[in-house]
Amino acid sequence: KATTVVRPPKAPEIAACKRRVTDLIYAVDPRLIFVAGLLSWKELVPGALRLQDTTLHRAAGKLYTAVIPGRLQPIHYPVMALLGPNDVMKNPSPAPHGPIGITAQAVENAVRYVRYVEKLNGKQKDR
């Protein structure tokens, strides 16, 4: 049986990926960004905003703010953390506090958030 060893990405790899993700965020201009996994959450959400939720299990389904360097000033986007695929695969329990239950709740929270934003935007257009 072959064993796969996964190493954490190195700083230059993270920087290159972050630049590509930033370019995609600029191009798409999303209403909500999902980050799956601890590394992406830590890279997009500043440390001060993560102080209360020290683990990804606590952060999943909550809204944060990604601060993306803009051309003139930083741009703020709403971010919602999800558990990474490894967390779900290691323990595929559908229990409410298991990885699948936590992910399902996060998706429900995201749907509520997007509906709320769409409702606000609809009201702003009527003015």
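Author: What follows goes through the sheet, the cores, the salt bridges and a few single residues. Keep in mind that this is a predicted model.

Reader: Sheet first, then. What is the order of the strands in the sheet?

Author: The order is S1-S3-S2, in an open sheet of 3 strands with mixed pairing. S1 and S2 are the edge strands, each pairing on one side only. From one strand to the next, the twist averages 45 degrees.

Reader: Mixed how? Which sense do S1 and S3 pair in, parallel or antiparallel?

Author: S1 and S3 pair in the parallel sense, over 4 bridges. Ala36, for instance, stands opposite Leu82 in S3.

Reader: And how many bridges join S2 to S3?

Author: There are 6 bridges there, and S2 and S3 run antiparallel. These two strands form a hairpin, with 6 residues between them. If you want pairs to click on, Ala66 has Tyr77 in S3 as its bridge partner, and Leu63 has Met80 in S3.

Reader: Which helix packs on the sheet?

Author: H1 does, touching S1, S2 and S3. The direction of H1 makes about 105 degrees with that of S2.

Reader: OK, new topic. Which residues touch the most other members in the largest nonpolar core?

Author: Ile33, Val35, Trp41 and Val79 do, in a core of 18 residues. At least two residues of this core come from each of strand S1 (33-36), helix H2 (38-44), helix H3 (56-59), strand S2 (63-68) and strand S3 (75-82).

Reader: Why would residues like that gather in one place?

Author: In soluble globular proteins, nonpolar side chains tend to be buried together.

Reader: Pick one for me. What is Ile33 in contact with, leaving aside its neighbours within four places in sequence?

Author: Ile33 is in contact with Ile25, Leu44, Tyr77, Pro78, Val79 and Met80. Apart from that core lies another one, of 7 residues, including Leu82, Ala106, Tyr113 and Val117.

Reader: Now charges. How many salt bridges does the structure hold?

Author: It holds 3 salt bridges. One of them joins Arg7 and Glu13, whose closest N and O atoms are 2.8 Å apart.

Reader: What meets Glu43 in a salt bridge?

Author: The side chain of Lys18 does, at 3.7 Å from N to O. This pair links distant parts of the chain, with Glu43 in helix H2 and Lys18 in helix H1 (residues 11-28), 25 residues apart. Glu43 counts as partly exposed at 31% relative accessibility, and Lys18 counts as partly exposed at 33%.

Reader: And Arg31? What does Arg31 form a salt bridge with?

Author: Its partner is Glu118, and the closest N and O atoms of the two are 2.9 Å apart. Here too the pair links distant parts of the chain: Arg31 is in the loop between H1 and S1, Glu118 is in helix H5, and they are 87 residues apart. Arg31 counts as partly exposed, at 42% relative accessibility. For Glu118 the value is 42%, and this residue also counts as partly exposed.

Reader: Last one. Where does Gln105 lie?

Author: Gln105 lies in helix H5, which covers residues 99-126. Gln105 is partly exposed, with a relative accessible area of 36%.

Definitions and conventions:
Residues numbered from 1 in each chain as written. Predicted model: local features only at pLDDT ≥ 70, side-chain atom pairs only at ≥ 80, totals over all residues. Heavy atoms only, no water. Core = buried A, V, L, I, M, F, W, Y, C linked by side-chain atoms within 4.5 Å. Buried < 20%, exposed > 50% of the residue type's maximum accessible area, 1.4 Å probe, protein only. Contact = heavy atoms within 4.5 Å. Salt bridge = Lys/Arg side-chain N within 4 Å of Asp/Glu carboxyl O. Pairing = 2+ DSSP bridges. Axes fitted to C-alpha atoms, helices over the stretch in contact; angles between N-to-C directions.
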